[in-house]
Amino acid sequence: MTKAQEMLKADIEKINDEDTIEKVRIFIMGILAQQKLEQPHKPPEQTA
């Protein structure tokens with residue numbers, strides 16, 4: 001984990017407001033979805 005990721009994780013862990021926590025979750029899910037869309041599609045590997 002990078003230093004920036006560690007700092008972000010520590011900041012998120014300090015949040016006590018449920019609405020803010022939910023917004024952070026939605027934001028992170030959006031980032032992960034965008035990254036998945038940007039990655040080239042790989043067909044599933046077939047095992048013989």
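A search of the whole structure, which is a predicted model, finds two salt bridges, a salt bridge being a side-chain nitrogen of Lys or Arg within 4 Å of a carboxyl oxygen of Asp or Glu. In one of them, Lys9 pairs with Glu13, and the closest N and O atoms are 3.5 Å apart. Both residues belong to helix H1, where Lys9 and Glu13 are four residues apart, about one turn of the helix. Lys9 is partly exposed at 44% relative accessibility, whereas Glu13, at 56%, counts as exposed; here buried means under 20% relative accessible area, exposed over 50%, and partly exposed in between (1.4 Å probe, protein chains only). Arg25 forms a salt bridge with Glu22, with 3.2 Å between the closest N and O atoms. Arg25 and Glu22 are separated by about one helical turn because they lie three residues apart in helix H2. Arg25 has a relative accessible area of 45% and Glu22 one of 37%, so that each of them is classed as partly exposed.

Residues are numbered from 1 along each chain as its sequence is written, and side-chain values use heavy atoms, with hydrogens and water left out. Because the model is predicted, local features need pLDDT of at least 70 and side-chain atom pairs count only at pLDDT 80 or more, while totals for chains, interfaces and linings use all residues.

The protein chain contains two helices and zero strands, helices (H or I, at least four residues) and strands (E, at least two) being DSSP runs numbered from the N terminus. Of the 48 residues in the protein chain, 2% are buried. The chain exposes about 5100 Å², of which carbon and sulfur atoms supply 58%, as computed by the Shrake-Rupley method with a 1.4 Å probe.

On the surface, Phe27, Ile28, Ile31 and Leu32 form a nonpolar patch with about 370 Å² of accessible area together; the members of such a patch have over 30% relative accessible area and no salt bridge, and nonpolar side chains are joined within 5 Å. Leu32 is placed in helix H2 (residues 18–38) and is exposed, with a relative accessible area of 52%.

The largest pocket has a volume of about 160 Å³. A pocket is an open set of points on a 1 Å grid where a 1.4 Å probe fits, with protein on both sides within 12 Å along at least five of seven lines, and its lining residues have an atom within 4 Å of a point. The lining consists of Met1, Gln5, Leu8, Lys9, Ile12 and Ile28, and helix H1 (residues 3–13) gives the most to it, with four residues. By class, the lining residues divide into four nonpolar, one polar and one charged.

Terms used:
Patches are made of residues with over 30% relative accessible area and no salt bridge: like charges are joined within 9 Å, nonpolar side chains (Val, Leu, Ile, Met, Phe, Trp, Tyr) within 5 Å. Grid points are joined across faces, edges and corners, and a volume is the space filled by probe spheres set on the points. Ala, Val, Leu, Ile, Met, Phe, Trp, Tyr, Cys and Pro count as nonpolar, Asp, Glu, Lys and Arg as charged, and the others, Gly among them, as polar.
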